[in-house]
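Work through the exercises below with the sequence and the model open. Try each task before reading its solution.

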Amino acid sequence: MIRRDLAEKLGQAVVREGLVTDEQLQEVLSLKEAHGKDLYESLLDLRFLSEGDLLKVLSQVSGVTYLEDLPIRSQLGSFRHDLPIQYARRHHLIPFVDPETGEVMVAVNRLDEEVIENVSNFLLSPVTPVLATRKVISEAINLTYERSSESAEEVIGNLENGALAIRPGDLEEPQDLLDASDEAPIINFVNSILYEAVRDRASDIHVEPFEGDLSIRYRVDGVLHNVHTLQKRLHSPIISRIKVMADLDIAEKRLPQDGRIRIKIAGKDIDIRVSTVPTSFGERGVLRLLDRSQVLLGLEEIGMAPDHLKEMERLANQSHGITLVTGPTGSGKTTTLYAALTRINSADKNIITVEDPVEYQLKGISQIQVNPKIDLTFANGLRSILRQDPNVIMVGEIRDLVTAEIAIQASLTGHLVFSTLHTNDASGAVTRLIDMGVEPFLVVSSLTAILAQRLIRRICPHCKVPYRPIDEELAELGIETAQIPTEGLQRGEGCPRCIGTGYLGRTGIYELLRVTEGIKGEVLRHADSGSIKNVAIEEGMRTLRQDGALKVLKGVTTIEEVLRVTQEEMENAAV
């Protein structure tokens, strides 16, 4: 518990700094009395201010240093064998050595003298506390304890040099993998690659057999990276282990199989979708990782320009009509729809979704999981939703004419409908609906807007440097030399934080087509998608590539990245 005198100073300081009002402080104190928590916890529970702001004030009144980041991995790993990871996680703390003074420090989320004294006893050394947020401490804990046993590289070395006495003949048969006492190395290795993938922010793991070896690749920020190359003899036991975890038939190697793994890695709840298919050189496996503990993004956090954000908010607050989000698989469509639903979610609205799969649980929103085995399709789910008196409906994807027609009828009868389509750009969504068999007059009477999007990689902030682009690069993206900022454009040099790529994280680029009278006229005369797009551009629509160019000028991404992601758009325009 935080000391009483310090708690009083903290309460006075947050009011003095204008972070909370006197009324809010009284509400916090009431909560503190009712639940027996201290002032610090109560302030965080009511979310009147951010954890970082609260820690800065606590630093001022206590004299304990506040750190926004902790030292790199080399300074973090010294004490992992002395302090149990369970204790570190429970109390949100991590010891480390100050790289400048050599002093033993402990980063804590709160000033609890008893806990700090316990850490000193664990380490058999005096420690100096510093303050840091739970997120920063949690990331440091994961880095510190990630390989207290063997790393994936060490396991590979042991597997391949025979140090673990695993016989190739033993591991070729699935039943031996399950029953043998020497199965631990393979289990350890699969656990290691899962951990590494989560640590490196991978969205997918590819296990690919070839004629002479086995390749393990991670998809990070939308791009595949080769991580491990193994001996071919290790392919069968690794795939078998993955199939066991996903509850698949390990004896069936001739047919594709799909399964799911639900595990916890480094304190994160990870849902893994597993797919295996037979190839010429053995079964190929792809594991898609979904971090269920990840915080959902709001509309203002997904990279929309102010004009796009304002329009999306207007669309989300309409009483009826269909808004479509289009793009290829993995372009962030579901995230955008979730952000829109979260923005309008309130007690006076009945919001229901039908999805395949339900990727995130949205509080206050009823979500239905598609299940074709019992004939719960998008169309059938949508029919049922309409009998539930909804205000807003989200359909995960319009895949066929039946689903499209029900969605259109729902919008025409006073419901606001959100859905997705797999098309390359916004104008292509109109022609796709007509190709499905929807009458053009129904399209123009129900459709209000189409948002096309792609995900582009952000420049790594840790190795970002300015540079002067050549004229050919600028011309390809349609940027004038006069538009370039004085300091030039930005690019990443590559560092350990971004795995040497120069990029860290992703954001969106968008193309928002409003179904205006001009667009309706083009649709009713059965114009192709190119003609519809030209009219939209004349009316002020910004294309994906143009939106990407704006982000290049703002130092968010690079010319090369925008060209890579929008190449298909330009090829279609050329046709």
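Contact means heavy atoms within 4.5 Å. The model is predicted, so local features need pLDDT of at least 70 and side-chain atom pairs count only at pLDDT 80 or more, while totals for chains, interfaces and linings use all residues. Residues are numbered from 1 along each chain as its sequence is written, and side-chain values use heavy atoms, with hydrogens and water left out.

**Exercise 1. The whole chain**

Task: Among contacts between residues at least 6 apart in sequence, what percentage join residues at least 24 apart? How many helices and strands are there?

Solution. Start with the contacts. Of those between residues at least 6 apart in sequence, 63% join residues at least 24 apart. Next, count the elements. Helices (H or I, at least four residues) and strands (E, at least two) are DSSP runs, numbered from the N terminus. The protein has 24 helices and 18 strands. Last, check burial. Buried means under 20% relative accessible area, exposed means over 50%, and partly exposed lies in between (1.4 Å probe, protein chains only). Of the 575 residues, 50% are buried.

**Exercise 2. Two helix pairs**

Solution. Two packed helices are described by the angle between their axes and the distance between the axes.

Take α16 (residues 378-386) and α17 (residues 401-412). A crossing is left-handed if the near helix is turned anticlockwise from the far one by less than a right angle, and right-handed if clockwise. The α16 and α17 crossing is left-handed. On the α16 side, F378, A379, L382, R383 and L386 make the contact; they meet V402, T403, I406, A407 and A410 of α17. Now sort these residues by class. Ala, Val, Leu, Ile, Met, Phe, Trp, Tyr, Cys and Pro count as nonpolar, Asp, Glu, Lys and Arg as charged, and the others, Gly among them, as polar. The contact of α16 with α17 has eight nonpolar, one polar and one charged.

Take α21 (residues 517-524) and α22 (residues 529-538). The crossing is right-handed. G518, I519, E522 and V523 of α21 touch S531, I532, V535 and A536 of α22. By class, the contact of α21 with α22 has five nonpolar, two polar and one charged residues.

**Exercise 3. Cysteines**

Task: How many disulfides does a search of the whole structure find?

Solution. Apply the cut-off: a disulfide is a pair of cysteine sulfur atoms within 2.5 Å. The search finds zero disulfides. C463 is in none; its nearest cysteine sulfur, that of C460, is 3.8 Å away. C463 counts as buried, at 8% relative accessibility. For C495, the closest cysteine sulfur is in C498, at 3.7 Å, too far for a bond. C495 is also buried, at 15% relative accessibility.

**Exercise 4. Backbone exceptions**

Task: Where does the cis peptide bond with omega about -5° lie, and what is the phi of L124 and of H526?

Solution. Most residues other than glycine have a negative phi, and most peptide bonds are trans. The cis bond joins D356 and P357. P357 lies in the loop between β11 (351-355) and β12 (366-369). L124 has a positive phi near 55°. L124 is in the loop between α7 (113-123) and β3 (128-131), and is exposed at 79% relative accessibility. H526 has a positive phi of about 60°. H526 lies in the loop between α21 and α22, and is exposed at 57%.
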